[in-house]
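Work through the two exercises below with the sequence and the coordinates at hand. Each task is followed by a stepwise solution.

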Amino acid sequence: QEQLVESGGGLVQPGGSLRLSCAASGSIFSINLMAWYRRSPGKQRELVATISSGGNTNYVDSVKGRFTISRDNAKNTVYLQMNSLKPEDTAVYYCNANIRYSSTYSYRAYWGRGTQVTVSS
């Protein structure tokens with residue numbers, strides 16, 4: 001089945017850390033760009049970080065130096081290591097990936113269902 005499944009969210013105190021994971025399933029030919037987005041209550045969805053198939057990364061300014069995106073191409077998985085978490089990082093985090101499945105000839109964007117991250121004392 002073609003899907004993305006996130007895990008690793010939860011409740012953490014300010015200054016704490018969490019690691020999110022997102023695994024793509026199905027008969028995958030290739031994955032190029034992978035990314036994490038988030039949506040906070042009352043706000044629009046925000047792009048947090050991206051990583052290319054070659055490992056080039058980009059981050060929104062508010063998480064630079066605190067978050068690290070990485071990927072394991074053999075496992076079709078992307079990670080988001082979040083350190084020094086702040087209350088304003090509270091959001092639902094969504095995984096996004098451009099995937100070409102073996103049964104197709106083009107890439108398509110897929111989304112996970114989201115995982116809640118709450119930063120609170």
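This is a predicted model: local features need pLDDT of at least 70, side-chain atom pairs count only at pLDDT 80 or more; totals for chains, interfaces and linings use all residues.

**Exercise 1.** Determine which residue forms a salt bridge with Glu46, and follow the shared partners from there.

*Solution.* Residues are numbered from 1 along each chain as its sequence is written, and side-chain values use heavy atoms, leaving out hydrogens and water.

Step 1: Arg38 also meets Asp89 in a salt bridge (3.0 Å, N to O), a pair linking strand β4 with the loop between β8 and β9, 51 residues apart; strands here are DSSP runs of E with at least two residues, numbered from the N terminus.

Step 2: Asp89 forms a salt bridge with Arg66 as well (2.7 Å, N to O), and the shared partners join Arg38, Glu46, Arg66 and Asp89 into one network.

**Exercise 2.** Classify these four residues as buried, partly exposed or exposed.

*Solution.* Step 1: buried means under 20% relative accessible area, exposed over 50%, and partly exposed in between (1.4 Å probe, protein chains only). Step 2: Asp89 at 1% is buried, as are Arg38 at 5% and Arg66 at 10%, whereas Glu46 at 29% counts as partly exposed.

Note on methods
A salt bridge is a side-chain nitrogen of Lys or Arg within 4 Å of a carboxyl oxygen of Asp or Glu. Helices (H or I, at least four residues) and strands (E, at least two) are DSSP runs, numbered from the N terminus.
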